[in-house]
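Grab a pencil and work through these exercises with the structure open beside you. Try each task before you read its solution.

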Amino acid sequence: MKLAIVLVFLFICSTHYAEAFENLALADLPDDIYKLCDCESDFNPNVRVLDTNGYYSYGILQFQLYTFINYGKKHGILPKELTENEARILIYNPHVQVAIAKEILKEPKGYRHWLNCAIKKGIA
């Protein structure tokens, strides 16, 4: 049963990333998320950047894989059974990234995950 839920979740979320992004209503994004997407990726859901810490960041909000997985599971956005390989598919999905970022930004100093852009855009 759990595997079936994960597979359905992956099927729903793993649409073509450009199409998924087109369906993301930018005007409906919270202002802080909008600013972070602008700064981090120029709204490009397919960006992959090697950070100074040696890890890659992905998508419109430039999540690193383990941050994406840990916070996604912590806030119930990603299923607990999600594997690392499944997460590698979902990490480019802008809807999932935005949902996780909204939860992170509710935490005290949640903006620290995007510190340079948060400072640059006046969020921090």
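A helix here is a DSSP run of H or I with at least four residues, numbered from the N terminus. Ile-33 lies in one of these, helix α3. Keep in mind that this is a predicted model.

**Exercise 1. How far can you trust the model?**

Find the mean pLDDT of the protein chain, and then look at residues 1-21.

Solution. 
- Step 1: The chain averages a pLDDT of 86, and 78% of its residues reach 70 or more.
- Step 2: Now the stretch 1-21: its pLDDT is below 50. Beyond near neighbours in sequence, it has 34 contacts in the model.
- Step 3: Where pLDDT is low, predicted coordinates should not be read in detail.

**Exercise 2. Which residues of α3 are buried, and where around the axis do they sit?**

Work this out for residues 31-41.

Solution. 
- Step 1: Buried means under 20% relative accessible area. Within α3, Ile-33, Leu-36, Cys-37 and Ser-41 are buried.
- Step 2: These residues cover an arc of only 100° around the axis, which puts them on the same side of α3.

**Exercise 3. Is Ile-33 buried or exposed, and what does it touch?**

Solution. 
- Step 1: Ile-33 has 0% relative accessibility, so it counts as buried.
- Step 2: Leaving out residues up to four places away in sequence, Ile-33 touches Leu-61, Val-98, Ala-101, Lys-102 and Leu-105.
- Step 3: Check that list against α6, where the buried residues include Val-98, Ala-101 and Leu-105.
- Step 4: Ile-33 and Ala-118 are 85 residues apart along the chain, yet 9.8 Å separates their C-alpha atoms.

**Exercise 4. What span does α6 reach, and what happens at its start?**

Solution. 
- Step 1: α6 has 13 residues. At 1.5 Å a residue, 18 Å is expected.
- Step 2: From first C-alpha to last, α6 reaches 18 Å, close to that expected value.
- Step 3: At the start of α6, a side-chain oxygen of Asn-93 comes to within 2.9 Å of the backbone nitrogen of His-95.

**Exercise 5. In what order do the strands of the open sheet lie?**

Solution. 
- Step 1: The sheet has three strands in the order β1-β2-β3, with antiparallel pairing.
- Step 2: β1 (48-50) and β3 (63-64) are at the edges with a single partner strand each, so one side of each has no neighbour in the sheet.
- Step 3: Zoom in on β1 and β2 (residues 56-58): three bridges join them. Leu-50, for instance, has Tyr-56 of β2 as its bridge partner.

**Exercise 6. Where are Gln-62 and Gln-64 placed, and are they buried or exposed?**

Solution. 
- Step 1: Gln-62 sits in the loop between β2 and β3, while Gln-64 is in strand β3.
- Step 2: With 10% relative accessibility, Gln-62 counts as buried. Gln-64, at 18%, counts as buried too.
- Step 3: Gln-62 touches residues including Glu-40, Val-49 and Gln-97.
- Step 4: Gln-64 is in contact with several residues, among them Asn-53, Tyr-55 and Ile-91. Its side chain also makes a polar contact with the side chain of Asp-51, at 2.7 Å.

How values were computed
Residues are numbered from 1 along each chain as its sequence is written. This is a predicted model: local features need pLDDT of at least 70, side-chain atom pairs count only at pLDDT 80 or more; totals for chains, interfaces and linings use all residues. Side-chain values use heavy atoms; hydrogens and water are left out. Buried means under 20% relative accessible area, exposed over 50%, partly exposed in between (1.4 Å probe, protein chains only). Helices (H or I, at least four residues) and strands (E, at least two) are DSSP runs, numbered from the N terminus. The arc is that of the directions from the helix axis to the C-beta atoms. The expected span of a helix is 1.5 Å times one less than its number of residues. A polar contact is a pair of N or O atoms within 3.5 Å; within protein, one must be able to donate a hydrogen and the other to accept it, and residues adjacent in sequence count only if both atoms are side-chain atoms. Two strands pair if DSSP finds at least two bridges between them. pLDDT is the predictor's confidence in each residue, from 0 to 100. Contact means heavy atoms within 4.5 Å.
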